[in-house]
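Visitor: I would like to learn how to read the features of a model like this one. Please show me the structure, then take me through it.

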Amino acid sequence: MATNSLTKEQINKVKFFQRNEITEYHIYSRLAKRVKVENSEVLQEIADDELRHYKFWEKYSGEEVKPS
């Protein structure tokens with residue numbers, strides 16, 4: 001989707017969602033490295049989901065954003 005079909009307000013909301021997703025990806029990835037093996041797999045799956053969500057929003061914003 002081209003960002004030119006979105007309003008500035010919509011793009012700002014997309015970037016907000018995108019930033020949350022990449023931040024959560026980093027949080028869950030770090031947690032996965034610190035916990036017991038049986039829990040780390042679940043946390044890494046959640047991290048991978050958050051990264052997919054980030055990439056979804058990136059298609060709409062047309063930009064990479066940094067985590068909080």
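Guide: Start with a salt bridge: Asp-49 and Arg-52 form one, with the closest N and O atoms 2.1 Å apart. The model is predicted, so local features need pLDDT of at least 70 and side-chain atom pairs count only at pLDDT 80 or more, while totals for chains, interfaces and linings use all residues. Residues are numbered from 1 along each chain as its sequence is written, and side-chain values use heavy atoms, with hydrogens and water left out.

Visitor: What is a salt bridge here?

Guide: The term covers a side-chain nitrogen of Lys or Arg within 4 Å of a carboxyl oxygen of Asp or Glu. The structure holds three of them.

Visitor: How many residues apart are Asp-49 and Arg-52 in helix 2?

Guide: A helix is a DSSP run of H or I with at least four residues, and helices are numbered from the N terminus. Asp-49 and Arg-52 are three residues apart in helix 2, so about one helical turn separates them.

Visitor: Which side chain meets Lys-13 in a salt bridge?

Guide: That of Glu-9, at 3.5 Å from N to O. Both residues lie in helix 1, four residues apart, about one turn of the helix. Glu-9 is exposed because its relative accessible area is 53%, whereas Lys-13, at 47%, counts as partly exposed.

Visitor: What does the salt bridge of Lys-15 look like?

Guide: The side chain of Lys-15 meets that of Glu-63, 2.9 Å from N to O. This pair links distant parts of the chain, with Lys-15 in helix 1 and Glu-63 in the segment after helix 2, 48 residues apart. Lys-15 has a relative accessible area of 22% and is therefore partly exposed; Glu-63, at 36%, also counts as partly exposed.

Visitor: Which residues gather in a patch of negative charge on the surface?

Guide: A patch is built from residues with over 30% relative accessible area and no salt bridge, joining like charges within 9 Å and nonpolar side chains (Val, Leu, Ile, Met, Phe, Trp, Tyr) within 5 Å. Lys and Arg count as positive, Asp and Glu as negative, and His and the chain ends are not counted. Each charge is placed at NZ of Lys, CZ of Arg, CG of Asp or CD of Glu. In this structure the negative patch is made of Glu-38, Glu-41, Glu-45 and Asp-48. Asp-48 is placed in helix 2, residues 37-61, and is partly exposed at 32% relative accessibility.

Visitor: How many aromatic pairs does the structure hold?

Guide: Rings of Phe, Tyr and Trp (its six-membered ring) pair if their centres lie within 6.5 Å; planes under 30 degrees apart are stacked, over 60 edge-to-face, and the rest tilted. The structure holds five such pairs. One of them is the tilted pair of Phe-17 and Trp-57, 5.1 Å centre to centre with 40° between the planes. Phe-17 lies in helix 1 (residues 8-34) and Trp-57 in helix 2, so the pair ties together parts that are 40 residues apart in sequence. Phe-17 is partly exposed at 36% relative accessibility, and Trp-57 is partly exposed at 22%.

Visitor: How far apart are the ring centres of Trp-57 and Tyr-60?

Guide: Their centres are 6.2 Å apart and their planes stand at 55°, so this pair is tilted. Trp-57 and Tyr-60 are three residues apart in helix 2, about one helical turn. Tyr-60 is partly exposed, with a relative accessible area of 25%.

Visitor: Which residues do ring pairs link into a cluster?

Guide: Phe-16, Phe-17, Phe-56, Trp-57 and Tyr-60. Phe-16 lies in helix 1 and counts as exposed at 51% relative accessibility.

Visitor: Is Ile-22 buried or exposed?

Guide: Ile-22, which lies in helix 1, has a relative accessible area of 7% and is therefore buried.

Note on methods
Accessible areas come from the Shrake-Rupley method with a 1.4 Å probe; for residues, only the protein chains shown count as cover. Helices (H or I, at least four residues) and strands (E, at least two) are DSSP runs, numbered from the N terminus. Buried means under 20% relative accessible area, exposed over 50%, partly exposed in between (1.4 Å probe, protein chains only).
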